[in-house]
Protein chains: 2
Amino acid sequence: MATPGNVTIKDVARVSGVSSMTVSRVINDSERVSPDTRRRVEQAIAELGYVPSRLARGLIRQKTGTLALIVPDVANPFFTLVVRGAEDVARRAGYRMILCDTRADLTIEREVIEEMLAHRVEGIVIAPVSDRSKGHLERLARFGVQFVLIDRTVPGIESDVVVGDSAGGARVLVEHLISLGHDRIAFITEGNDVSTARDRRAGYEAALAAAGLPLDPSLVVRATVDPRGGFDGMSQLLELDEPPTAVFTVNNLVALGAIEAVRAHELEVPDDIALVCFDDIEYASRLYPFLTVMAQPAETLGTLGTQLLVERIEGRAPEQRRVVVLPAQFVVRKSSGDGR
Amino acid sequence: MATPGNVTIKDVARVSGVSSMTVSRVINDSERVSPDTRRRVEQAIAELGYVPSRLARGLIRQKTGTLALIVPDVANPFFTLVVRGAEDVARRAGYRMILCDTRADLTIEREVIEEMLAHRVEGIVIAPVSDRSKGHLERLARFGVQFVLIDRTVPGIESDVVVGDSAGGARVLVEHLISLGHDRIAFITEGNDVSTARDRRAGYEAALAAAGLPLDPSLVVRATVDPRGGFDGMSQLLELDEPPTAVFTVNNLVALGAIEAVRAHELEVPDDIALVCFDDIEYASRLYPFLTVMAQPAETLGTLGTQLLVERIEGRAPEQRRVVVLPAQFVVRKSSGDGR
DNA sequence: CTACCTTGTGGTATCGATAACACAGCGTGT
DNA sequence: ACACGCTGTGTTATCGATACCACAAGGTAG
């Protein structure tokens, strides 16, 4: 049997005895079609299993109905929720969503952005790798493709933005540790060229300063944002002459690795080291409500980011850029301990 | 400044003083272009920021370089890994991947499949909602779109398939419970129209039969495959006159809910109820290695499924369908207890 | 009865790329 | 010197849809 993959509007036209323009009108629910004709055309469509090509339509209409979502790590439970939210809003708004995982690699990010330009996506929701993504983003702007930054800002890029309150959240977490009596509090973070890391560091420093605690540079260690980085970072801290009594990690995955390092040193969280971090791990917390976290509304970052994007694409957005800072939720569990 | 979004091959041709065919040849690395011409064209491309449209190219070439991945729940850590694997292989093979989340809803599945047909994706990797997806899949086949089933088979659909060993894995899990002395072992599962549920049930029954244990229908309860379903299912079991002493759940999310139900009844896993399930939860297990699971190679399902698909699209696959059953890894942790 | 509008439909150009073919210019073997 | 082949380039048709304009048939106003 013939594959209907190559059934075109002309085939439908021939079978139903009208021109392709009329078929097009039926497909697009345009007014000017007599009920009788419409019926005949619809029947032909059903018979032939015709599906209009979005390629051809996109080419002539100059819009594809496709968006892209670019994140650094889909397997991070935080971004997984972002993905779900974004995908859902896109579908409801009548758009398809292409997912790209950059693996936090600037080169891959550049490549996927080029790909998305070639695909003529109408807009992009992106959690950029770092400030160094600026070049790619400027290229997007020059190309005339709308985009919304989520989770991370990039200095010099004036697009719509949806982020969590990193500075405020970090401050609350660290103040919590201080209130429990800690005065040597470390921070395991990633490079300062990622806005969330920068902002969380600012919150960390602000909390220390407000409490009159000194800022000890040896307590701020830099790591990759995955369990391995957390492991290495925590190991480094534990080997200091005067190790910290509490640690704040820049995100959930780093915290997991950090805990593993603590255990590897035959110590325990929170008894020997108190721990707090950004971002919850939904399913882990259900099983074992252990980590004291600043839980960001991940799914909302995805949904809201996509909504702002769609509004802008459809010209329903104000000219002014919109910067949304979503509050995070402070969830106290065991890992921060009961104090010293 | 003009947005280069509408820079076409003709603009490049004009600027570099050649015909668009020559530009096309440069873009496609075809041989027959003099070094000098090539240089001029490349410079014009750079100057104008030209990016060839995949729409136009796809239309004329009759291929889009796009695949689709359709899963029932991207937020399930199992499928998250599938997504990562699939996305990665697709990118390396030079394809883009559109992600669709059906939320285990047959209607949404039908819609997204139609969308993907309209997009003229070259192939689809799909974890179908259930056996009732058969109609959609037949439509795909008739349309001439290649697809590979992952995680779940569908009776009557003879495509390439990559699944985990559900029957074998289930049997091992239940035998483990039996070896620990349990003889009232329950199974919380989903509808029998999902192949994994069916196969795991077969494994469950086989293990009981092999041990000479009776099959008590009241110990097999049906639930939705999420924590809520697990909670409800376990609650139902705990309220039996003679509750089970051990429970096998059809997947990880169901297990989480089941545990919550046990706790809600002021009982404990594994002391009061032993628990085993399919599918690990990577980050949860790192934090708290608690669940005894049959860990499927989720990322491999994604990578291998996509590889098979690409091979088939590119005509490098044998005519014969390929059915790959990947072994799962049995990981004993605490939730199954030390026996009675 | 004529001018004009509305309705339903068709014809043709077009979106941006490539396939298929054509062809000019030059080198080469005999 | 001629047929032939190769190199580099251009011309035209085409992919599948829609925009835009044209137009016939019938209704309505004056």
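# Report on a predicted protein–DNA model

The surface near DNA strand C draws at least two residues from each of four helices: α2 (20–27) and α4 (54–61) of chain A, and α2 (20–27) and α4 of chain B. The model described here is predicted. In this surface, α4(B) gives the largest share, with five residues. In total, 25 residues surround DNA strand C, and the closest are A:Ser19, B:Thr8, B:Ile9, B:Ser24 and B:Ala56. Sorted by class, the surface near DNA strand C consists of 12 nonpolar, 10 polar and three charged residues.

## The two protein chains

How are chains A and B placed relative to one another? The same surface serves both copies, since 100% of the contact residues of chain B recur in chain A.

The contact takes 47 residues from chain A and 47 residues from chain B. On the side of chain B that touches chain A, the elements giving two or more residues are α4 (54–61), α5 (77–92), β2 (96–101), α6 (106–118), α7 (134–143), α11 (252–264) and α12 (282–287) of chain B. The largest share of that side, six residues, belongs to α5(B). By class, the side of chain B that touches chain A holds 27 nonpolar, nine polar and 11 charged residues.

## Strand β2 of chain B

Strand β2(B), one of the elements on the side of chain B that touches chain A, is mostly covered, and six of its six residues are buried. In a regular strand, side chains alternate between the two faces of the sheet. Both faces of β2(B) are covered: B:Arg96, B:Ile98 and B:Cys100 are buried on one side, and B:Met97, B:Leu99 and B:Asp101 are buried on the other. Strand β1 (residues 66–71) of chain B runs parallel to β2(B) and is joined to it by six bridges. Within this pairing, B:Cys100 of β2(B) is the bridge partner of B:Ile70.

## The six-stranded sheet of chain B

Another sheet of chain B is open and mixed in its pairing, with six strands in the order β7-β6-β8-β9-β10-β12. Its edge strands are β7 (220–222) and β12 (329–331) of chain B, each of which pairs on one side only. Neighbouring strands of this sheet are turned by 15 degrees against each other on average, direction ignored.

At one end of the order, strand β6 (residues 185–189) of chain B pairs with β7(B) in the parallel sense over three bridges. In this pair, B:Thr189 stands opposite B:Arg222 of β7(B). Helix α10 (residues 227–238) of chain B packs on the sheet and touches β6, β7 and β8 of chain B; the direction of α10(B) makes about 150 degrees with that of β6(B). Helix α9 (residues 195–210) of chain B lies across β6, β8 (246–249) and β9 of chain B, and runs at about 175 degrees to β6(B).

## Backbone geometry

Most residues other than glycine have a negative phi, and most peptide bonds are trans. Which places depart from this pattern? The table gives two cis peptide bonds and two positive phi values.

| Site | Feature | Value |
|---|---|---|
| A:Val269 to A:Pro270 | cis peptide bond | omega near 5 degrees |
| B:Val269 to B:Pro270 | cis peptide bond | omega near 5 degrees |
| A:Arg103 | positive phi, not a glycine | about 55 degrees |
| A:Arg120 | positive phi, not a glycine | near 55 degrees |

A:Pro270 is located in the loop between α11 (252–264) and β9 (274–278) of chain A, and B:Pro270 in the loop between α11 and β9 (274–278) of chain B. A:Arg103 belongs to the loop between β2 (96–101) and α6 (106–118) of chain A, whereas A:Arg120 belongs to the loop between α6 and β3 (123–126) of chain A. A:Arg103 counts as partly exposed because it has 17 C-beta neighbours inside 10 Å. A:Arg120, with 20 other C-beta atoms within 10 Å, is buried.

## A loop residue of chain A

Is A:Ser34 buried or exposed? This residue is found in the loop between α2 and α3 (35–48) of chain A. A:Ser34 has 9 other C-beta atoms within 10 Å and is therefore exposed. A:Ser34 and A:Thr22 are 12 residues apart along the chain, and their C-alpha atoms are separated by 10.0 Å.

Terms used. Residues numbered from 1 in each chain as written. Chains lettered and ligands numbered in written order. Predicted model: local features only at pLDDT ≥ 70, side-chain atom pairs only at ≥ 80, totals over all residues. Contact = placed C-beta atoms within 7 Å. Nonpolar A, V, L, I, M, F, W, Y, C, P; charged D, E, K, R; others polar. Buried ≥ 20, exposed ≤ 12 C-beta atoms within 10 Å, placed from the backbone. Near = placed C-beta within 6 Å. Pairing = 2+ DSSP bridges. Axes fitted to C-alpha atoms, helices over the stretch in contact; angles between N-to-C directions.
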